Amino acid sequence: SFFSEKAISVACCNNFTVVLTKSGKLYGNGKINQENGRHINESDKNKNINDRNSLIEIEELKGHNIVQISGTFQHVLAVSSEGRVFGVGSNYNGQLGIGANKKNIWRFEEIDNIYPKYRIINTSSGSGHSIFISETGEVLTCGNNGYHQLFEDDQEEYNNQEESIKKGIHFYAKEINIPKE
């Protein structure tokens with residue numbers, strides 16, 4: 001085992017991996033360690049273990065009890081027990097909901113405009129979009145809507161990707177109609 005405790009979830013991305021443990025700690029490897037200068041301890045260095053391949057605790061999330069993660073291709077979302085959401089990785093399609101000014105972030109940042117208005121209990125990370133579910137069942141979305149994956153019917157609104165990204169979290173409290181059989 002990599003840890004002194006049980007791993008309960010993993011998010012595999014193109015150039016990094018994030019692991020969630022039972023106690024709510026998050027560990028990462030690959031590019032998120034390389035970009036942040038995260039380093040293993042001296043005793044691991046003496047065993048010829050390097051920084052990039054090692055799972056190292058995510059410093060910026062210490063103190064947050066992480067209860068759920070999702071990740072794919074180039075971004076990861078992490079949800080705290082309070083219902084806060086943190087994201088890392090690519091934001092080229094606005095999938096982190098942080099606006100158009102940041103294309104990539106390599107330290108987890110809290111996604112604005114969600115908490116405390118919404119307490120998120122689950123997330124899903126698509127290739128270029130993200131979906132958030134609140135404790136009361138609202139669905140929030142952000143990112144690329146090229147194939148209506150944000151559940152938004154008005155395609156014209158999303159034809160300009162830069163305008164779409166600037167909006168961040170596109171809409172709140174929208175009910176999704178699931179057909180009955």
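This is a predicted model: local features need pLDDT of at least 70, side-chain atom pairs count only at pLDDT 80 or more; totals for chains, interfaces and linings use all residues.
1. Residues are numbered from 1 along each chain as its sequence is written, and side-chain values use heavy atoms, leaving out hydrogens and water.

2. The sheet is open and has four strands, ordered β5-β6-β7-β8 with antiparallel pairing. Strands here are DSSP runs (E, at least two residues), numbered from the N terminus, and two of them pair if DSSP finds at least two bridges between them. At the edges lie β5 (66-72) and β8 (104-110), each pairing on one side only.

3. Take β5 and β6 next: six bridges join them in the antiparallel sense, and Gly71 stands opposite Val76 in β6. Their hairpin has two residues between the strands, and Phe73 takes a positive phi near 40 degrees there.

4. Strand β6 (residues 75-80) is also joined to β7 (residues 85-90), antiparallel, by five bridges. Ala78 has Phe86 of β7 as its bridge partner.

5. Do look at Gln68, which sits in strand β5. Gln68 is buried, with a relative accessible area of 14% (buried means under 20%, with a 1.4 Å probe and protein chains only). Beyond its neighbours within four places in sequence, Gln68 is in contact with residues including Leu20, Ala78, Ile121 and Thr123 (contact means heavy atoms within 4.5 Å). The side chains of Gln68 and Thr123 also make a polar contact of 3.0 Å (a pair of N or O atoms within 3.5 Å; within protein, one must be able to donate a hydrogen and the other to accept it, and residues adjacent in sequence count only if both atoms are side-chain atoms).

Terms used:
Buried means under 20% relative accessible area, exposed over 50%, partly exposed in between (1.4 Å probe, protein chains only).
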